[in-house]
Amino acid sequence: YSLQQADTLLENSQKIQKLRVFDIDQGLLGEANFLPAEFGSWSQSLCKPHLIEFAIPINACTALEISTKERLKGKILVVHRGSCSFLAKAWQVFLNGAIGLIIVNNKENLINMPSESEDAAVGLNIPVLMVRKSAEQLLVAAHKNSSYVQIFDSNLCSGLDSKYGTINSILKAIQAESDAILQVELDSNANNIMEDPLYRGG
């Protein structure tokens, strides 16, 4: 099969879904097909767009660097395939606060990612998915520009009851998230100024 024929077969089986990148001002910037792992946790709340980070080390098979850990909480982590099992990567990032894991394949195909055993994945409450090697370009651009990435599972994110089923609803969510982050930064800066001895006349 060609890649297109393989994708068509997977799409017909409803396995392939879309990873979507959004910008507040420009809207939808790009999409990439992904294949979910056979382990992990999926819920409608994960349809909300999030910022991403790249793991250091990039394969996430050994302890993550402190710089990665500090930026990881509440974000989706991007790692490369290889050097350890898919499940080992997932546990590594989950235990460090990530809300999702994107595994970039080292080839232009998508493969099934099984769990090593049923018990081994118990409690792993994040979505885990694979994208093609070429999709990394889109993710690098998203990270550089602080664009938001949506893990769009059509079974969860579509329909009248979804808060993130349309582009307009997604852009509103991104704007609200951006405003909240800005407010936290402003509050933090204000507190730092108030505590400065020079400000207090000390």
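Tutor: On one side of helix H4, Gln137 and Lys144 are exposed. Exposed means over 50% relative accessible area, buried under 20%, and partly exposed in between (1.4 Å probe, protein chains only). Helices (H or I, at least four residues) and strands (E, at least two) are DSSP runs, numbered from the N terminus. The model is predicted, so local features need pLDDT of at least 70 and side-chain atom pairs pLDDT 80 or more, while totals for chains, interfaces and linings use all residues. Residues are numbered from 1 along each chain as its sequence is written, and side-chain values use heavy atoms, without hydrogens and water.

Student: Which residues of helix H4 are buried?

Tutor: H4 spans residues 136–144, and its buried residues are Glu136, Leu139 and Ala142. They lie on the same side of H4 because they cover an arc of only 120° around the axis; the arc is that of the directions from the helix axis to the C-beta atoms.

Student: What do the buried residues of H4 pack against?

Tutor: They pack against strands S1 (17–23), S3 (52–54), S4 (76–80), S5 (100–104), S6 (128–131) and S7 (148–152). Just after H4, serine 146 has a positive phi of about 55°.

Student: How many residues has the largest nonpolar core?

Tutor: In soluble globular proteins, nonpolar side chains tend to be buried together. A nonpolar core is a set of buried Ala, Val, Leu, Ile, Met, Phe, Trp, Tyr and Cys residues joined through side-chain atoms within 4.5 Å. The largest here has 24 residues, and Phe39 and Val128 have the most contacts inside it. At least two residues of this core come from each of S4, helix H3 (86–94), S5 and S6. H3 supplies the largest share, four residues. Apart from this core lies another, of 17 residues, among them Ile52, Ile76, Val104 and Leu139.

Student: Which residues are in contact with phenylalanine 39?

Tutor: Contact means heavy atoms within 4.5 Å. Leaving aside neighbours within four places in sequence, the partners of phenylalanine 39 include Phe86, Leu87, Ala90, Met113 and Val128.

Student: Which cysteines does the disulfide join?

Tutor: A disulfide is a pair of cysteine sulfur atoms within 2.5 Å. The structure holds one, between cysteine 61 and cysteine 84 (S to S 2.0 Å). The pair links distant parts of the chain, 23 residues apart: cysteine 61 is in the loop between S3 and helix H2 (66–72), and cysteine 84 in the loop between S4 and H3. The torsion about the S-S bond is about -85°, so the disulfide is left-handed.

Student: Why does cysteine 61 count as partly exposed?

Tutor: Cysteine 61 counts as partly exposed because its relative accessibility is 25%. Cysteine 84 is also partly exposed, with a relative accessible area of 25%.
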